[in-house]
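I opened the model today and kept notes as I went. The entries follow in the order I looked things up.

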Amino acid sequence: MAELVYRPVIGLAQTLFKAWDLKIDLKGSENIPRSGGAVLVSNHIGYLDFIFDGLAALPQKRLVRFMAKESVFRHKVSGPLMRSMKHIPVDRKNGEAAYAHALDALRSGEIVGVFPEATISQSFTLKSFKSGAARMAQEAGVPLIPIAVWGTQRLWTKGHPRNFKRSHIPVTIRVGEAIEASRDKYAGALTRQVRERVNELLEAAQRAYPVRPKGPDDTWWMPAHLGGTAPTPEEVRETEAS
């Protein structure tokens, strides 16, 4: 079936990234299957993560259908685009419909993209993972593909202004080997395995990142354990609880 909207949107994104002079470092795209269903599992540090996760699948000539909060689909601009690209709306009060929608997509041979942290991590470290991605992969009989992005928080993230100027920002993407979603494995254990692998990829992406903060005013995008001034996971939890 022709993708009358998705492919032009990808072309537009690539044009914008070139105009912004982004330095994209992608490794591991060969781990994304050329055919058949799969669940792409990513960390979440910025509003544009889904675009870069989607770019990681392009060398394999695959398109990713992302699960995203339902409010995005109600927006007068993003809504028609998201529906036309066959992304999957998630109503957190009624997640069963989104789960069934995702299962149908997986069984029809689609790649479904999931952010199991559910929200952007303001500490830029991994939050706990929800088990839905693992359960979907098990039920559909498809593999889980771990992926990590780094640098996207410098473009646009929660609590910070957007930076879409020509600023040469590097974005590092690492895709890991497929993880078999065996049905005889407890979904919680499988979720922990996937989270550990995403964390390994995230650390690899951080090590490969070609720049460091330029000074005291540029440390906000680095996690505290790496010497940055981003809030710690504990500080984020305290803020969310207050």
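Where does F124 lie? I found F124 in the loop between β5 (111-114) and α6 (132-140). Helices here are DSSP runs of H or I with at least four residues, strands are runs of E with at least two, and both are numbered from the N terminus.

**Ground rules.** I am working with a predicted model, where local features need pLDDT of at least 70, side-chain atom pairs count only at pLDDT 80 or more, and totals for chains, interfaces and linings use all residues. Residues are numbered from 1 along each chain as its sequence is written, and side-chain values use heavy atoms, with hydrogens and water left out.

**Positive phi.** I checked the backbone of F124 next. Its phi is near 65 degrees, a positive value in a residue other than glycine. Most residues other than glycine have a negative phi. Is F124 buried or exposed? F124 is buried, with a relative accessible area of 2%. I use buried for under 20% relative accessible area, exposed for over 50%, and partly exposed for in between (1.4 Å probe, protein chains only).

D21 is not a glycine, yet it has a positive phi of about 60 degrees. I located D21 in the loop between α1 (6-19) and β1 (23-27). D21 is buried as well, at a relative accessible area of 14%.

**Salt bridges.** How many salt bridges does a search of the whole structure find? It finds ten. I count a salt bridge when a side-chain nitrogen of Lys or Arg is within 4 Å of a carboxyl oxygen of Asp or Glu. Side chains of opposite charge can pair when their charged atoms come close.

I looked at E3 and R65. Their side chains meet in a salt bridge at 2.6 Å, N to O. E3 lies in the segment before α1 and R65 in strand β3, so this pair ties together parts 62 residues apart in sequence. E3 counts as buried at 12% relative accessibility. R65 counts as buried at 4%.

K86 also forms a salt bridge with E3, and the closest N and O atoms are 3.6 Å apart. K86 lies in the loop between α4 (78-84) and β4 (88-90) and E3 in the segment before α1, so the pair ties together parts that are 83 residues apart in sequence. K86 is partly exposed, at 31% relative accessibility.

I then turned to D25 and R174. Their side chains meet in a salt bridge at 2.8 Å, N to O. D25 lies in strand β1 and R174 in strand β7 (residues 170-175), so this pair ties together parts that are 149 residues apart in sequence. D25 is partly exposed, at 23% relative accessible area. R174 is buried, at 10%. I also noted that salt bridges with shared partners join E3, R65, K86 and E110 into one network.

**Surface patch.** Which residues form the positive surface patch? I listed K69, R92, K130 and K158. Patch residues have over 30% relative accessible area and no salt bridge, and like charges are joined within 9 Å. K69 is found in strand β3 (residues 64-69). K69 is partly exposed, with a relative accessible area of 46%.

**A100.** My last stop was A100, in helix α5 (residues 95-107). A100 is partly exposed, with a relative accessible area of 38%. The C-alpha atoms of A100 and M136 are separated by 9.0 Å, and the two residues are 36 residues apart along the chain.

Methods: Patch = residues over 30% accessible without salt bridge, like charges linked within 9 Å, V, L, I, M, F, W, Y side chains within 5 Å. Areas by Shrake-Rupley, 256 points an atom, 1.4 Å probe, with all protein chains shown as cover. Lys, Arg positive; Asp, Glu negative; His and termini not counted. Charge placed at Lys NZ, Arg CZ, Asp CG, Glu CD.
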